[in-house]
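Trainee: I would like a close look at a single part of this model, with the cut-offs spelled out.

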Amino acid sequence: MSDNLKDFTLIINSRFPIVEVETGEEVRMMKMLERAANLGGWPLFVWSIADGIRRVPRTDVITQTYEFRDALRHIDKTPQNGVYAMLDAQPYLEDPVNVRLIKEIAQEYFRTARTLVFVSRSMDLPSDLGRMSARFCLPLPDSNLIREMIKEEAQVWQQDTGQSLKGQQEALDLLVQHLAGMAEDDARRLIRHAIRDDGAITLDDIGRVLKFKRESVADSGLLDFEIDTSNFAEVGGLANLKRWLELRRPAVTGDAEKLGVEAPKGVLLLGVQGSGKSLAAKAIAGSWGLPLVRLDFAVLYNKFHGETERNLRESLKQAEAMSPCVLWIDEIEKGLAGDASGGSDTGTSRRVLGTLLTWMAERKARVFLVATANDVSQLPPELMRKGRMDEIFFVDLPAAGVRAEIFRIHLKKRKLDPTQFDIAQLAQAAEGFAGAEIEQSVVSAVYEAMAAKEPIATTHILGELARTKPLSVVMAEKIDWLRQWAAERTVRAD
């Protein structure tokens with residue numbers, strides 16, 4: 001018996017009258033529900049607005065049960081014990097009469113053991129029913145199930161064609177890695193496509209899978225798939241962070257269990273605005289060769305009660321479906337600081353924080369979380385506790401050597417030869433400048449030189465630096481406080 005089947009059977013045997021299942025894999029869930037009913041000897045009935053109530057595996061439909069309320073009245077009156085799967089019932093749970101009928105069925109459970117299993121892509125039971133219900137989460141297929149599916153489809157291919165499946169071991173391992181965490185139907189279709197396209201599993205099939213994942217993320221509107229990832233050659237400094245990440249690369253991109261280590265959870269990058277935190281997040285994904293998805297709290301927030309938390313759960317599920325991947329939450333404090341800031345958001349930010357912390361503690365998918373923050377005073381203490389993240393790195397203003405490196409990077413990026421500039425003088429003049437401010441000085445100097453119709457030189461960049469008041473001057477007190485706070489609480493990224 002699989003762990004999923006065992007867990008679900010345990011819920012039914014624990015005599016919960018109501019079970020809510022939030023999943024987009026209805027077919028897979030119903031197959032498991034049938035197996036659980038067979039193992040437990042429970043009569044199984046299924047209701048949908050299209051078919052009414054019917055007995056499974058028999059197809060007999062109970063008359064006058066097409067409407068949801070009529071179906072509930074039938075269940076309420078029948079002496080038939082059993083499990084009743086209610087498909088896509090969420091829209092009808094806003095009706096107080098329906099809620100009352102469900103409550104009466106649940107309260108009569110110890111006389112007539114009828115278990116209502118609500119199966120829907122999104123499910124949110126009214127609070128009156130919450131204490132009588134249990135929630136079951138159907139995990140997405142893991143690597144073992146994906147390998148079994150590939151084996152099954154390869155056998156079907158061989159029976160149909162008389163040919164053996166060919167392929168590269170590297171491509172097979174990558175296919176398993178990228179399909180794990182996808183819906184079973186989607187994964188099986190992609191496996192069939194890979195096999196029946198040319199009778200072989202190759203690296204070309206991996207590109208198709210990644211394209212499918214990108215499109216799935218884009219269609220949801222909740223996550224952004226970042227195509228423009230970087231590598232650490234484009235990031236100046238951050239030597240400690242780079243070394244920390246390089247040591248953990250095998251456990252993220254490979255099999256941590258085989259290596260005998262725990263898979264890394266993620267990092268919090270705290271620091272001065274414009275110091276390269278966002279670029280570092282992109283570089284982590286780029287250097288590891290993993291997809292990068294970005295979560296924007298502004299997209300998640302919804303005025304209706306419970307919808308924001310639902311959007312967050314859905315976003316995290318989609319990130320897991322992309323695994324292995326890097327999930328980037330930029331300026332995380334802005335999404336979690338509603339109540340802490342002294343304003344009121346009716347507790348939404350606290351519920352969002354709770355949802356996020358639960359996911360961080362329980363997730364099994366290989367999703368490496370990179371959160372960036374500018375304002376530590378707005379970060380909830382629960383998020384900062386050791387164990388939520390693997391490490392908290394402080395990204396400070398760059399030192400002289402790093403500033404020189406940043407100048408070289410941005411000059412090369414604009415097809416300029418760094419040896420033609422006095423890098424040491426520029427680095428000295430840029431003391432107190434963040435990386436983004438150094439980049440902007442180069443950009444502005446290019447435009448100044450173009451306007452003057454002369455080749456760009458050190459003097460143009462020096463002029464831009466002299467005209468700029470960096471953030472370390474404009475917000476000196478706040479940055480000094482942040483540095484003092486981080487000195488004994490974080491690890492320096494450089």
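Trainee: Which residue takes a positive phi just after helix 1, and of about how many degrees?

Mentor: That residue is Arg 15, with a positive phi of about 70 degrees. The model is predicted, so local features need pLDDT of at least 70 and side-chain atom pairs count only at pLDDT 80 or more, whereas totals for chains, interfaces and linings use all residues. Residues are numbered from 1 along each chain as its sequence is written, and side-chain values use heavy atoms, with hydrogens and water left out.

Helix 1 itself covers residues 3–13; helices (H or I, at least four residues) and strands (E, at least two) are DSSP runs, numbered from the N terminus. Its buried residues (under 20% relative accessible area, 1.4 Å probe, protein chains only) are Asn 4, Leu 5, Phe 8, Thr 9, Ile 11 and Ile 12. Viewed down the axis of helix 1, they fall within an arc of 155 degrees, so they line one face of the helix. The arc is taken over the directions from the helix axis to the C-beta atoms. Asp 3 and Leu 10, on the other side of helix 1, are exposed, that is, over 50% relative accessible area, with partly exposed in between.

For comparison, strand 11 (residues 266–271) has six of its six residues buried, so it is largely enclosed by the rest of the structure. Gly 266, Leu 268 and Leu 270 point one way from strand 11, and Val 267, Leu 269 and Gly 271 the other way.
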